[in-house]
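Let's take a walk through this one together. Have the viewer open and follow along as we go.

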Amino acid sequence: MLTLSFVLNPQILEQMLNDQHWKSFICNVLVDTMNRHIRIIAVDQLYSMAVKCTGNVNILLFFINFLFEIIKSSVLDAPFHSIEVFHLLCHLLRYACNFKITIPRHEQLLQSQIEWLRNAKVRCK
């Protein structure tokens, strides 16, 4: 229902990008929700919001950057619930690649992800 609302009024989605409650909601639904089916549906809905609600590339870039932030800050606290965060990030990166959308600071994001993976590897030993 929320995605449909954003399709009908895309300016609201653009305004939500700066709202801390919106960011908390995304993080909570992707990482803190215990029910995996809800997390899977959330990934589908968030993907649709990022790529279909507006023609604004900034929405997609917001989601990509915010998912990297979630990975840095929240995923290690809930590792069994984090697969959906990675799935959504991979889908959005694939979309950006397919449509040749340049991601600002992509080298920085990649480097931070490599560091995160190294730290995760050390924690798993």
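**Rings, helices and cysteines**

Start with the aromatics: Phe6, Trp22 and Phe25 are joined into a cluster through ring pairs. Keep in mind that this is a predicted model. Across the structure there are seven aromatic pairs. Take the one between tryptophan 22 and phenylalanine 25: the ring centres sit 5.7 Å apart and the planes are at 25°, so this pair is stacked. The cut-off behind that label is an angle under 30 degrees between the planes.

Where do tryptophan 22 and phenylalanine 25 lie? Both belong to helix H3, which covers residues 20-32, and they are three residues apart, about one turn of the helix. Their surroundings are worth a look too. Tryptophan 22 has a relative accessible area of 3%, so it is buried. Phenylalanine 25, with 40%, is partly exposed. The thresholds here are under 20% for buried and over 50% for exposed, with partly exposed in between.

Now find phenylalanine 62 and phenylalanine 63, another aromatic pair, this one edge-to-face. Their centres are 5.3 Å apart, with 75° between the planes. Phenylalanine 62 and phenylalanine 63 are both buried.

Next, the helices. Helix H4 (residues 36-52) packs with helix H6 (residues 83-98), the two axes lying 10 Å apart at an angle of about 20°. Because angles under 35 degrees count as roughly parallel, H4 is roughly parallel to H6. The crossing of H4 and H6 is right-handed.

Last stop, the cysteines. Is cysteine 27 buried or exposed? Its relative accessible area is 14%, so cysteine 27 counts as buried. Cysteine 53 is buried as well, at 6% relative accessibility.

Terms used:
Residues numbered from 1 in each chain as written. Predicted model: local features only at pLDDT ≥ 70, side-chain atom pairs only at ≥ 80, totals over all residues. Heavy atoms only, no water. Buried < 20%, exposed > 50% of the residue type's maximum accessible area, 1.4 Å probe, protein only. Phe/Tyr/Trp six-rings, centres within 6.5 Å; stacked < 30°, edge-to-face > 60°. Helix = DSSP H or I, 4+ residues; strand = E, 2+ residues; numbered from the N terminus. Axes fitted to C-alpha atoms, helices over the stretch in contact; angles between N-to-C directions. Parallel < 35°, antiparallel > 145°, perpendicular 65-115°, else oblique. Left-handed = near helix turned anticlockwise from the far one by under 90°.
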